[in-house]
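Dear colleague,

I am handing over the structure below, and I would be grateful if you could look through it before reading my notes, which follow directly after it.

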Amino acid sequence: MDVEPEPSGAPTKGGWVTFPFLIATMAALTLAAGGWKNNIVVYLINEFNVRSIDAIQITNIVNGCTTLFTILGAIFADSFFGSFLVVSVSSLISLAGIILLTLTATLDPLYPAPCETGSSLCVGPSKMQLAILYTSLALSSVGLAGTRFTLGTMGADQFDKPKHQGIFFNWHFFTMYAVTLVSVIGIIYIEDNVSWGLAYGLCVMANVIGLAIFLLGKRYYRMLKPHVSPFTELTCVVIAAFQKRKVVLSLKSEDYRQEKHTGGTKPVGITPTTSFKFLNHAALLTQGDPTSNGSIKKPWNLCTVQQVEDLKTLIRISPLWSTGIFLCTPIAIQMNLIVLQALAMDRHLGPTYQIPAGTMQVFAMLSTSVSLALIDRFLLPTFQKLTRTTPTPLQRIGMGHTLTISSMAISALVESRRLATARTHKLHSNSIVPMSAFWMVPQLVVVGVADGLQLPGQVALYYQEFPKSLKSTAAAMVAMFMGIAFYMGTVVVDFLRKTTGWLPDGINDGRMDNVYWVLSVIGLINFGYYLVCSYLYQYQNVEKDSSPDAC
């Protein structure tokens, strides 16, 4: 991560002078976000008397928003307002949300009366209290989504050399994970053992500091003008194809709108491929499309052949992409169920210290971080020496599938043991079972390794296979199916709760082990679907003879 000076001919703005501002902003905003987001299940259950499964559903929706809305933030930054304005406004929105959340933890009228110890009769929150709570979560989620990846993109825009951009991204993600670890351990401890109001107040201070540092660096930033988003161009293809659906297609390349050479105006004559032929209408030239000076009269009525082919590439890879939804859905459910299990288990580390239930996810994070280093430094070189080939992205994703299924199976076995212990001691509802919460560490380690394999594999696959105009959306495609997975998690949990008795409010009276077995089966079916998709998929941007079999 050595820092090299920008060349003397570089623009006066941008460069390494912006680095401390952007990294410090990332650290402060991540600390603020991690403090409220990573323990929201416990806050809803203990402070707002929300039923445990309802708390999981709310948390999944929050996680889905913070993931899916990152794509909207990227589109707004790229196409309309620029990264600086999007990050600034999103930070303010996040600040407003966390302030409101802090008020729900400190002002008596904004939260329900606490449950009496040993009593099963708890007063739930009023409609007014829920409205304020949901508003605070919505603002905090939207604000976090608008800054999470837009800030990284803006940082890369400050450098001209790819090497320097790579160094920035290394520090960017290192800072994000390191500070998240600090917030999960530090702020969550304050929430569970000192005061929720104090902890959320620290999140407010961190957000204010991050926004202030970001604004202080404004005079040094390189502000790039917004440009057309790839997603906007793909939408144009669909609209134009529908509008010209009755026009007869041509076999001549000159009848289609072509891309222009970088240095001139001579078009490159290519004919659209015959697959998904309906979309070819979008690039078909008809009377009145170009004006006398060559400009396009109605931009949403005509696209280039390359834009049409770009959309076809997305369609071809979409079956593989869809497998990521049900790969991440079990993980999304597992991360929340683990919090409920930890609340009903012995969490003592030593005679006096008790780790917060929301801190259990640290083991998955550490596992992912360590596995990434081991995969890069040890496993990949060893694999290359033994097979004389490099693992393909599809192979890495396939290994991630198998480990995720294994993690669900381990989770089921651990929960079976926990329920058996509860029955032996005749414990009901959410009473603490005399079984250490560290029994769940193995399943967290396995799922962390799975993420270390499949997430980089997903990004690498899309970056490799997407055309040049869409390579910047590779990470966004991963964020999209992860966001959908959180919402699918709410659907699966809601279905199981309504059709079975496995997920009552008191988990000692349920069969959460069966839920994990269902997730294992879902993962297994999805893995079979993935194998079929990967077997049928043909690589687009590598030589055919160098495309190894999928898994």
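Of the 551 residues in the protein chain, 49% are buried (under 20% relative accessible area, with exposed meaning over 50% and partly exposed in between, for a 1.4 Å probe and protein chains only). Please bear in mind that this is a predicted model, in which local features need pLDDT of at least 70 and side-chain atom pairs count only at pLDDT 80 or more, while totals for chains, interfaces and linings use all residues. Residues are numbered from 1 along each chain as its sequence is written, and side-chain values use heavy atoms, with hydrogens and water left out.

The chain contains 15 helices and 2 strands (DSSP runs numbered from the N terminus, H or I of at least four residues for helices and E of at least two for strands). Its C-alpha trace spans about 80 × 50 × 50 Å along the principal axes.

As for the helix pair I looked at, the axes of H11 (residues 362-387) and H13 (residues 441-465) come within 7 Å and cross at roughly 45° (axes being lines fitted to C-alpha atoms, for helices over the stretch in contact, with angles from 0 to 180 degrees between N-to-C directions). That makes H11 oblique to H13 (angles under 35 degrees count as roughly parallel, over 145 as roughly antiparallel, 65 to 115 as roughly perpendicular and the rest as oblique).
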